[in-house]
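Q: I am new to this structure and would like to learn how to read its features one by one. Could we begin with how the elements are named?

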Amino acid sequence: MAQTEIALDGLLAFPLTPFADDLEVDLDGFAENVEGHIAAGAGALFVACGTGEFSSLSADEVAAALAKAREVAAGRVPVWVGAGGGAANARAGVAAAQAGGADGVLLLPPYLVKGPQAGLAEYVRFAVGDSTVPVVVYHRGTGVFSAPTAAKLLDIPSVAGIKDGYGDVDTMTRIVTTIRALGTRRSEEFLFFNGLPTAEVSAKAYAAIGVARYSSAVHCFAPEIAHRFHRALGEGDEAAMDALLAGFYVPLVALRDETPGFAVSLVKAAARLRGDKVGTVRPPLVEPTAEQIDRLGTIVEDGFAVLKRIEAR
């Protein structure tokens with residue numbers, strides 16, 4: 001199968017999965033969420049992935065989210081969807097994504113167990129099977145690839161790239177260098193993404209090693225800030241990036257690091273402060289305390305104040 005061109009430019013957005021009071025998926029709220037991302041200028045949508053609480057969703061809920069996102073997007077932006085977990089579930093998820101018309105799949109790591117490098121490559125191969133939908137492999141957790149193993153993924157035609165959520169710049173540099181050094185059209189077109197939580201904090205370092213694409217959780221509640229930082233990165237505007245990092249992103253990350261799972265919980269809380277219908281998180285994630293939400297509100301206010309000063313320069 002010939003690799004088709006993948007359009008994943010601009011700021012990548014990961015819509016939240018709204019839950020009702022009984023923690024059932026709220027598809028009407030999800031539709032509003034998706035439309036909000038598109039209206040704010042997202043370059044592509046990745047639904048039912050990490051920020052969308054893939055780990056807490058059933059296969060039917062993932063399929064419903066994909067269908068609703070495609071309906072709302074109506075071809076305006078690419079819609080990708082999460083798959084992963086146990087090998088059989090991952091394979092079924094990739095097949096369901098193709099059947100559901102997804103533009104691509106973010107393949108999350110194996111569930112619970114950690115195999116050797118040869119096993120990781122086979123996990124991807126097994127999950128892809130005979131499907132042709134483009135796949136980006138998430139490099140994190142139980143799915144951390146060495147550079148030689150990452151290069152072997154190019155032998156699987158539908159694998160379009162790697163997204164790094166591991167956070168080791170040395171390892172990612174080796175992966176990028178090894179793949180690019182192959183000198184083939186396939187290796188030149190292979191995509192690399194920064195998928196760390198609050199990716200803007202590491203965006204400058206990753207751009208320096210050839211990984212300029214990233215996804216922004218902040219796009220869920222402060223797309224104006226997210227787009228201004230993305231623009232500053234593209235323009236090499238160090239002053240704007242440093243101001244936003246010091247006045248918004250670094251304080252946000254400090255709060256995020258107080259409790260496991262806050263990479264999602266805080267984002268939902270901030271979206272609620274904005275007035276979005278996203279509900280709470282499913283367990284084992286927990287909600288921020290009232291005091292933490294107060295601090296979150298202050299951090300967001302400070303972020304917009306910094307943005308205003310930047311735009312007034």
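A: Helices (H or I, at least four residues) and strands (E, at least two) are DSSP runs, numbered from the N terminus. In this predicted model, local features need pLDDT of at least 70 and side-chain atom pairs count only at pLDDT 80 or more, while totals for chains, interfaces and linings use all residues. Residues are numbered from 1 along each chain as its sequence is written, and side-chain values use heavy atoms, with hydrogens and water left out. The protein has 12 helices and eight strands, and S131 lies in the loop between α4 and β5 (135–139).

Q: Is S131 buried or exposed?
A: Buried means under 20% relative accessible area, exposed over 50%, and partly exposed in between (1.4 Å probe, protein chains only). With a relative accessible area of 12%, S131 is buried, and buried residues make up 52% of the 313 residues in the protein.

Q: Which residues is S131 in contact with, leaving aside its neighbours within four places in sequence?
A: Contact means heavy atoms within 4.5 Å; by that reading, and with those neighbours set aside, S131 is in contact with V94, Q98 and S158.

Q: Where is V113, and is V113 buried or exposed?
A: V113 is found in the loop between β4 (104–110) and α4 (117–128), and V113 is exposed, having a relative accessible area of 54%.
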